[in-house]
Amino acid sequence: MAFLELTDIHKTYENAPLLCGATFGVERGEIACLLGPSGSGKTTLLRIIAGLETPEQGRVFIEGTDITALPAHRRGVVLMFQDYALFPHRTVAQNIAFGLRMRRHSRAAIAARVAEMLALTGLEDFADRDVNVLSGGERQRVALARSLAPQPRLLLLDEPLGALDRNLRERLLEDLPVILRRVGVTAITVTHDQEEAFALSDRVILLNAGRVVQTGRPETLYDHPHDTWVARFLGLENLFPARRSDCQSDLRIEVPFGVLTINDQADAPQPGAEGNLLIHPWGIHLEAGTVNAFTAQVTQRAFHGSYFRLTLAVDGGTLRLDIAPGQTPPAPGETVHGWIDPTALRWLSA
Amino acid sequence: MPDNTDNESRIMNHESRKAVRHSPFAIRNSQLLTRNSPFAIRHLLLVLPLLFLLLFYFYPLGAIFRASLTWDGGPALDALLTRLFGAATLRTLGFTAGQAALSTALTLLLGLPGAYVFARYDFPGKRLLNALTTVPFVLPTVVVAAAFTAVLGPRSPLNTALMSAFNLARPPLDLRYTLGAILLAHVFYNYTLVLRIVGSFWANLDPHLEQAARTLGASPWRAFVEVTLPLLLPALAAAALLVFIFCFTSFGVILILGGPRFATLEVAIYRQAIDMGNLPLAAGLSLIQILCTLGLTVIYTRLQGRLARPLDLRPHWVTQRKPRTAGEITFVLANVGLGAALLGLPLVTLAARSFDAGLRYYTALFENPRGSIFYVPPVAAVGNSVKFALGTTTLALLLGVLTATALYHRKQGWMLDALFMLPLGTSAVTLGLGYLLAMARPPLALRGTPALIVFGHTLVALPFVVRNVMPALQAIRPSLREAAATLGAPPARVFAEVDLPIVWRALAVGAVFAFTVSMGEFGATSMIARPELPTIPIAIYRFLSQAGALNYGQALAMSTLLMAVCVTGFVAIESLRPPGSEW
């Protein structure tokens, strides 16, 4: 059994199902990320793990112990809120000391741990500051220090970078996992931003409509999404309705603009099966080829600084791909010939 | 001044003043208008209101100072001082503060759970209930006192039930003229105050703060004590101090429900002035009263400034949810039930018992038997009250619009603004005493005239009109006026074509307030009304202080009529208020 285990969690909100059978586990020391569109129930899952909400059905285990009915303050699970929820009537140091006081640490132990946390988050000079005058980034670090101070068994972070502006966000996107790994805490973050999810976590737990649709390392998810919803959510756009030919001996897939050969043995569909085909943009080559050759017309060309994004019209859809600016990209209106690397094709069940 | 008008006005006073200071419109308006309109005209608008304030507020108060400080005849002064600072005064002062403290504690105890329910839960009927909690604000103290005699007296529904259940010959309970009755009536008036002040603050408090404390290891109780309570403190202190001030200056409730055994400073002033005719002693007591309320108000203001904390306030939809568990539903129901019973039961009992003898109590109002306590049929009091109220409404509207128009755009307007709010902080009995002393001789020999009653009521009602009209004027975007001006409208025309159509609702609300305040005013009127010119509250008080079932019945009938007028006014206010506005 994993360090944290959630089984078949159900929860309704105002008579609408919010979570319907969410099941997943998180290993000790892992930084997991709950990713999903808004309304997919990820924050509610976090609140259930923290003990702020009770599921109508399902269990929560930590280290094999059922904690579903345990009140929030006895779980050793700290939730860092998106708005940080710093206590406005306490100084920075008093905020950080709060969880230690609740655990009845000695005065000296509290002072030592607070100093340690201030150093860890680079807030040494802020101990006696009023939290109400801090900047967004400083507030975020105080919240992190306060959450880590009592050495929680599990740290939950709800949209930890959500309240920050863009520049700060990018800097903290690098800092946050460094601090979390240095402490070695098991953590679950929640985000709706896939870039943030990929940068922060060892493993992504993808939620849709109250269910876990896929879990795995970020690169795995991206490389092989479970279905078209996952592909679209991750921003993979080259999707075509597809059908495997009836022939048993080869892996040939019929798509609207031709017949493509696929390399993927593991997920190969049954002959005659219908589904969708994902074409990773890195597998599209605009040069004459022998396998999976195609002809298309360029409809758009957009310059993005480090690359050009081309949109090609093919029968039944469009292909999008990025090419480095060193090459001369074809102009809109031009007809191009190309081929698609069979290793870049993914069969997705319907 | 009756507690009800007091309560309401202070809330509005506080909130609107905040709005005046912080509204960006206020500053833009002021720049616009000082540029565009002649300085002198703006000042001329204030002449009439200021003159009114001078003659009917400062002049009478000055008379009290004069009467208490310059007493001609040496030995008499010694005697006065001995009495003023003697044991009786100390006892009165002690009782005044003691009952106020007890009332405050009881109100907080009952009101806090209610405030929590209103702040954190969303439940069916909440809007309606919220509107109903406004009722105590418009109900005259005399009506409430009469209602509580009906609930707590020997023929109350509870006694009737107990007598039939246990076959008793006499009613087992008579809570009239007890401290308990006074406390209950004060809770009735101030429960809503706690609900509003603490509840609205609590409703905007980020629930994440308490939840963060919970996940950091604090038990629910610990999280409340460590996080929620300190953050609620300014609202709690404000509510507690306001309740204390209102109970400290309570008059009608103590006079009627307390009976002869109990006297607050306010009641002592009335008795010395009216029953004993000892105006100098009354003036001395008034001075003590003024100093006490002034001191409390200063503490209140300082406390607020010191306790205010910058808070990230949250909209209601973030902080409120439906009750889910059986425990939560029970808690919500219990508090809603308590509030409804507390606010509704006295009023329903009052109305019901006024029909105890069919319509007899009502028809008796039209008779004028020999030896009656009035010189006219009691129903004449209704006519008097309506006349005074119409006069008050007209005068208060006139002066109120002048004041609001002159002040709403001023950057430094708050000092004048505070000046016009002063009558609210002065007890009505003190005001009445001032009139007794000042208006007895020229230059303003108005004592005993109906006009003086209208002036007194106007003084009390004026702040309500100003409080309602000024924010409405401030809310009009200056560009609207500028547009009208560039289209060729002269200033008067701009007011008629732009301001008036927008502020008429506020004017109407102010008018209804002025009308109900006048209809229910008891403290000042009781000092200055001539016996043959009674108002409804005076008539009710006289009926209540006479023996006999018919007298009591007529008091109930008249209270019910007055309640009907005030509730109609309240419904009018609720429906006229622009949607979404809170006071």
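The questions below go from ground rules to chain A, then to chain B.

Visitor: What kind of model is this?
Guide: Residues are numbered from 1 along each chain as its sequence is written, and chains are lettered from A and ligands numbered from 1 in the order in which they are written. Local features need pLDDT of at least 70, side-chain atom pairs count only at pLDDT 80 or more, totals for chains, interfaces and linings use all residues, and the model is predicted.

Visitor: How many helices and strands does chain A have?
Guide: Helices (H or I, at least four residues) and strands (E, at least two) are DSSP runs, numbered from the N terminus. The C-alpha atoms of chain A fill a box of roughly 75 × 45 × 35 Å along the principal axes. Within chain A there are 8 helices and 20 strands.

Visitor: How far apart do the C-alpha centres of the two domains of chain A lie?
Guide: Domain bounds come from an automatic or database domain assignment. Domain 1 of chain A covers 4–227 and domain 2 covers 237–349. Their C-alpha centres are separated by 40 Å.

Visitor: In what order do the strands of the 4-stranded open sheet of chain A run?
Guide: Two strands count as paired if DSSP finds at least two bridges between them. Strand 1 (4–13) of chain A has 5 antiparallel bridges to strand 4 and 8 to strand 2, also antiparallel. Strand 4 (57–62) of chain A has 2 bridges to strand 5. The order is 2-1-4-5.

Visitor: Which strands are the edges of that sheet?
Guide: An edge strand here pairs on one side only. The edges in chain A are strand 2 (16–26) and strand 5 (65–66).

Visitor: Is helix 4 of chain A largely enclosed or open, and how many of its residues are buried?
Guide: A residue is buried if 20 or more other C-beta atoms, placed from the backbone, lie within 10 Å of its own, exposed if 12 or fewer, and partly exposed in between. Helix 4 (136–148) of chain A reaches 18 Å from first to last C-alpha, close to the 18 Å expected, where the expected span is 1.5 Å times one less than the number of residues. What covers its buried residues includes helix 2 (92–102) and helix 5 (166–183) of chain A. Helix 4 is largely enclosed by the rest of the structure, because its buried residues number 10 of the 13.

Visitor: Which helix of chain B supplies the largest share of the side that touches chain A?
Guide: Residues are in contact if their C-beta atoms, placed from the backbone, lie within 7 Å. By that rule, 19 residues of chain B are in contact with 19 residues of chain A. Helix 11 (207–215) and helix 12 (220–248) of chain B each supply at least two residues of that side of chain B. The largest share, 7 residues, comes from helix 11 of chain B.

Visitor: Why does A340(B) count as partly exposed?
Guide: A340(B) lies in helix 17 (326–353) of chain B. Its C-alpha is separated by 8.6 Å from that of T133(B), 207 residues away along the chain. A340(B) counts as partly exposed because its C-beta neighbours inside 10 Å number 14.

How values were computed: Contact = placed C-beta atoms within 7 Å.
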